[in-house]
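Here is a friendly walk through one protein model, helix by helix and loop by loop. Have the structure open while you read.

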Amino acid sequence: MQKVSESKCFGGTQAVYTHASTSCQCDMTFGLFLPAEAQDGPVPLLWFLSGLTCTHENAMTKAGAQAWAAEQGIALVFPDTSPRGGDVADDDAFDLGQGAGFYVNATQAPWSAHFRMWDYIASELPELLAEAFSLDMERQAITGHSMGGHGALTLAMSLPGRFKSVSAFAPISNPIASDWGQKQFSAYLGDDRDTWQAHDASYLMTQQGFDGPMLIDVGTDDQFIDLLRIDVLAEAIARKRQPATLRLQPDYDHSFFFVSTYMEDHISFHAEALYAD
């Protein structure tokens with residue numbers, strides 16, 4: 001692992017690292033904010049998974065998360081959204097290939113050689129973080145935006161006991177029935193739609209739900225709201241009687257202006273769960 005940069009930030013440090021990934025078979029990059037409290041002992045960790053076209057840098061620089069994380073004594077990790085490099089398969093479309101990993105393990109060529117983002121986020125990166133930094137891996141929470149909201153919800157529901165809480169900003173909520181999902185799942189996972197269900201938050205909600213609190217925010221002026229299919233997730237939450245808060249925020253769109261506006265709420269929500277014990 002190599003440190004690319006480090007800057008003082010709200011009393012802590014915001015750094016960027018690269019490392020050779022065994023899951024993705026290429027170099028991967030992530031950002032890590034450590035609050036001042038990390039100098040004295042392990043601190044809780046909040047994951048932020050980003051959306052289509054993003055790298056580790058978008059949320060790290062635009063979401064305004066570090067100020068609120070520093071106030072709560074919480075670390076933040078900002079992973080990249082896909083494998084990258086000249087040898088990594090790509091597509092001319094913005095919503096497939098590099099920048100669009102969808103947090104799945106691809107099984108179809110040419111994507112299967114590198115696109116193993118589920119293993120990277122669920123296993124490899126947590127193990128690396130636990131070994132290298134002062135983090136309390138028994139106290140983790142997860143959030144994300146758009147495609148990253150999809151990843152946060154599916155990871156949280158598929159890894160019982162891993163995360164104390166989950167939240168999402170404008171998540172892709174029903175990808176097996178959306179153009180943001182059907183195209184990518186067909187390319188990455190093949191035509192057997194039964195294999196897609198493990199990566200659909202609405203389906204997972206009907207089957208198992210989440211063993212903790214959930215917060216979801218969506219702007220009423222989100223230009224992609226039809227692709228997100230939030231209504232399907234809302235219905236699944238109601239049927240499951242899942243403890244959750246789903247808020248429609250008047251006049252907000254899909255941008256990081258929306259994310260940064262409600263970031264304080266989300267970090268406070270996670271802090272309550274992370275420090276509950």
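## Ground rules

Helices (H or I, at least four residues) and strands (E, at least two) are DSSP runs, numbered from the N terminus. This is a predicted model, in which local features need pLDDT of at least 70, side-chain atom pairs count only at pLDDT 80 or more, and totals for chains, interfaces and linings use all residues. Residues are numbered from 1 along each chain as its sequence is written, and side-chain values use heavy atoms, with hydrogens and water left out.

## The loop between β5 and α3

Let's begin with tyrosine 103, which lies in the loop between β5 and α3. Its phi is near 55°, a positive value in a residue other than glycine. Tyrosine 103 is buried, with a relative accessible area of 1%; here buried means under 20% relative accessible area, exposed over 50%, and partly exposed in between (1.4 Å probe, protein chains only).

Proline 110 is found in the loop between β5 and α3 as well.

## Helix α3 and its bend

Helix α3 covers residues 117-132 and bends by about 35° at glutamate 124, with proline 126 following within four residues. The bend at a residue is the angle between axes fitted to the seven residues ending there and the seven starting there. Buried residues of α3 include Met117, Tyr120, Ile121, Glu124 and Pro126. Together, the buried residues of α3 pack against strands β2 (12-21), β3 (26-34), β4 (43-49), β5 (75-79) and β6 (135-144), and against α4.

Leaving aside residues up to four places away in sequence, tryptophan 118 touches Tyr103, Val104, Asn105, Ser123, Thr154, Leu155, Ser158 and His199, where contact means heavy atoms within 4.5 Å.

## Helix α8 and the residue after it

In helix α8 (residues 230-240), which residues are buried? They are Ile230, Leu233, Ala236 and Ile237. Seen down the axis of α8, these buried residues fall within an arc of 125°, so they line one face of the helix; the arc is that of the directions from the helix axis to the C-beta atoms. Their cover includes α4 (147-158), α6 (201-207), β8 (214-219), α7 (225-228) and β9 (244-249). Ala238 and Arg239, on the other side of α8, are exposed.

Arginine 241 is found in the loop between α8 and β9. Phi of arginine 241 is near 55°, a positive value in a residue other than glycine, and arginine 241 is exposed, with a relative accessible area of 75%.

## The largest pocket

How much space lies in the largest pocket? About 190 Å³. A pocket is an open set of points on a 1 Å grid over the protein atoms alone, where a 1.4 Å probe fits, with protein on both sides within 12 Å along at least five of seven lines. Grid points are joined across faces, edges and corners, and the volume is the space filled by probe spheres set on the points.

The lining has 13 residues, of which Leu52, His145, Ser146, Phe224 and His254 lie nearest the pocket's centre; lining residues have an atom within 4 Å of a point. By class, the lining has 6 nonpolar, 7 polar and no charged residues. Ala, Val, Leu, Ile, Met, Phe, Trp, Tyr, Cys and Pro count as nonpolar, Asp, Glu, Lys and Arg as charged, and the others, Gly among them, as polar.
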